[in-house]
Amino acid sequence: MAPAPCVLQRAPYTEKRRGGMIYTCICTSNAPNFLFQSQLNMPKRRNMHLRASQTIFQNAYQLRSHLTEAEQILWEYLKDRKMEGIRFRRQHPLFKFVADFYAHQLKLVIELDGDHHAQGVQKFYDLDRTEILSEYRITVIRFSNYEVLYHLDLVLDCIRRKVVEMKKSKGLS
């Protein structure tokens, strides 16, 4: 007698560390109880956090409650879809980084750099970070805290132009 075919049901939660949904196998055969999406040859879900670790999520949570003055000012102009109708998230976990502001719809990161970003090691880290994010087709634009504090209108104009350009290129106009 042939074994009963395996019936798959989606589990009521998502397994974030293994890269996809978990499916429960309900059958009488010796099949494993849980099958991961990668084992089923199914397309993986898009992950807006790029598999960020739990530590990165905790860091982002803490950073959200301790924004710099420049981040607070810029956030007032980006939140609630005020910038061309695009939703921005603040202190968003991406891979092994926390982006200051992130628009998932456009894959756009806005970084604000304080004084310590001018130092050699931090400059190298920022370049490396930008390069890694660009491998995921994420665009990074950077401004200094000074620019936000003293030339906010120019910063907002630059962001608005970039958002409009990216919306057109992605057909979101």
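A residue is called buried under 20% relative accessible area, exposed over 50% and partly exposed in between, with a 1.4 Å probe and protein chains only. The model is predicted: local features need pLDDT of at least 70 and side-chain atom pairs count only at pLDDT 80 or more, while totals for chains, interfaces and linings use all residues. Residues are numbered from 1 along each chain as its sequence is written, and side-chain values use heavy atoms, with hydrogens and water left out.

**Aromatic pairs**

Rings of Phe, Tyr and Trp (its six-membered ring) pair if their centres lie within 6.5 Å; planes under 30 degrees apart count as stacked, over 60 as edge-to-face and the rest as tilted. The structure holds five such pairs. One of them, Phe95 with Tyr136, is tilted, at 5.8 Å centre to centre and 50° between the planes. Phe95 lies in the loop between strand 4 (89-94) and strand 5, and Tyr136 in the loop between helix 3 (120-135) and strand 7, so the pair ties together parts that are 41 residues apart in sequence. Helices (H or I, at least four residues) and strands (E, at least two) are DSSP runs, numbered from the N terminus.

The rings of Phe97 and Tyr125 are edge-to-face, because their planes stand at 70°, with the centres 6.2 Å apart. Ring pairs link these four residues, Phe95, Phe97, Tyr125 and Tyr136, into a cluster.

| Residue | Relative accessible area | Class |
|---|---|---|
| Phe95 | 26% | partly exposed |
| Tyr136 | 26% | partly exposed |
| Phe97 | 4% | buried |
| Tyr125 | 36% | partly exposed |

**Nonpolar cores**

A nonpolar core is a set of buried Ala, Val, Leu, Ile, Met, Phe, Trp, Tyr and Cys residues joined through side-chain atoms within 4.5 Å. The largest has 22 residues, and Leu74, Leu78, Phe88, Ile110 and Ile159 have the most contacts inside it. Among the elements that give two or more residues to this core are helix 2 (69-78), strand 6 (108-113) and helix 5 (152-169). Helix 5 gives the most, with six residues. Apart from this core lies another, of ten residues, including Phe97, Tyr102, Ile132 and Ile138.

**The chain as a whole**

The chain contains five helices and seven strands. Of its 173 residues, 35% are buried.
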